Amino acid sequence: MIIAKIARVCADSVSTSSTPSDVPDVLAADLAAVFCGINPGRASAAARAHFANPRNDFWRLLHDAGFTPRLLTPQEQFDLLDFGCGLTNASPRTTPGSSDLRRSDFADAAQRLERIARDLRPRAIAFVGKEAYRGTFNERPDLGPQARTIDGVGLFVLPSTSPANAAVPWRERLHWFAELRRWIEPLPRTSIHAIVLDLSDRILLFRFENEVGQSWWATAGGGAEPGESDEATLRRELIEEAGLRDPSLGPLVWQRATDFAWGRKIWRQTERFYVVRLERHDVAPTIDLAPEGIRGHRWWSLDEIARSDEAFAPRTLARRLRELLEHGPPAEPVDVGL
């Protein structure tokens, strides 16, 4: 298929591992899900195809859960890209069984998946088996969606489809594959934000933190309620988050649309950013922000953002803020990307 051939070129051009594998990655940009097995077994290595053991349920589960309209064979693995899915492994090393793996076999697993998440932006990475996740992050997961994310990409843990996992019945395996199929459909959300700037051109940012301690900084603002105007949303959010009442709202300068995981859900969020200029303001939230995942706030200068190793949303915050400060509001809202 044409799409698969193009995607195969894309996958070949992405460096995902420093250690060669007997089984190639099946990857492309903007997939709905990348399935991550633990490592190649001997049958897969011989076939140079993922989940090639004829007693492995993976391909049948994909079909029965609705990921593919027909049952694919392992040799058709690159056709999976046409259906929005990809394949990789936590460890590249072939072994007779996963119990033969060593801790060192997962040495760069997390970093490699981070590169996949950052460069190819799948909606989710689904670990086929708890041990694939445990080997990558050195923590024990439950089945289902995880609190941890990778650069906003959602993580989901499925039961192992290996014949060695015979204790988990077919019905339960299919349940979790169907749950993943449902979960990766993003929930729509509109979010309105304020680029709050003081007289020194410092920007007010809030620190968000998830359940596992991953954190990033983002502008003030939040989700619009049904039927609510941008102005009404922004005024409500600024009162709640900063105790800022009746600010003078400036023009719409930035916008973006992004899929991201938060709170064990996947969102498809449309965001609009307005300028708010202040002389000075002492931030005093009027509600408890902890349930929103907000753990603090800070006024940042442009140079501090540019030098920082912290994560910011959007990623291009420093560059876009510099453009705004140097050239003023654009004639049309700028798409600031991820």
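This is a predicted model: local features need pLDDT of at least 70, side-chain atom pairs count only at pLDDT 80 or more; totals for chains, interfaces and linings use all residues.
1. Residues are numbered from 1 along each chain as its sequence is written, and side-chain values use heavy atoms, with hydrogens and water left out.

2. On the cysteines, a search of the whole structure finds zero disulfides, a disulfide being a pair of cysteine sulfur atoms within 2.5 Å. Cys36 is in no disulfide, and the nearest cysteine sulfur, that of Cys85, is 14 Å away. Cys36 counts as buried at 0% relative accessibility, and Cys85 is buried with a relative accessible area of 1%; buried means under 20% relative accessible area, exposed over 50% and partly exposed in between, with a 1.4 Å probe and protein chains only.

3. Helix 6 (residues 170-183) has 14 residues and reaches 20 Å from its first C-alpha to its last, close to the 20 Å expected at 1.5 Å a residue; the expected span is 1.5 Å times one less than the number of residues. Helices (H or I, at least four residues) and strands (E, at least two) are DSSP runs, numbered from the N terminus.

4. The buried residues of helix 6 are Arg173, Trp176, Phe177, Leu180 and Trp183. They lie on the same side of helix 6, because they cover an arc of only 125° around the axis, the arc being that of the directions from the helix axis to the C-beta atoms. An α-helix has 3.6 residues a turn, so residues three or four places apart point the same way. On the other side of helix 6, Arg171 and Arg182 are exposed. The cover over the buried residues of helix 6 includes strand 1 (33-37), helix 3 (58-64) and strand 10 (265-277), where contact means heavy atoms within 4.5 Å.

5. Strand 2 (residues 85-89) is largely enclosed by the rest of the structure, because five of its five residues are buried. Both faces are covered, with Cys85, Leu87 and Asn89 buried on one side and Gly86 and Thr88 on the other. Strand 1 and strand 2 run parallel and are joined by five bridges, pairing being called if DSSP finds at least two bridges between two strands. Gly37 stands opposite Asn89 in strand 2.

6. Thr219, in strand 8 (residues 215-223), is buried with a relative accessible area of 2%. Its side chain is joined to that of His193 by a polar contact of 3.2 Å; such a contact is a pair of N or O atoms within 3.5 Å, where within protein one must be able to donate a hydrogen and the other to accept it, and residues adjacent in sequence count only if both atoms are side-chain atoms.

7. Gln269 lies in strand 10 and is buried, with a relative accessible area of 4%. The side chain of Gln269 makes a polar contact of 2.6 Å with the side chain of Arg189. Not counting residues up to four places away in sequence, Gln269 also touches others, among them Ser191, His193 and Phe260.

8. Val253, found in strand 9 (residues 249-262), counts as buried at 0% relative accessibility. The C-alpha atoms of Val253 and Gly328 are separated by 9.3 Å, although the two residues are 75 residues apart along the chain.
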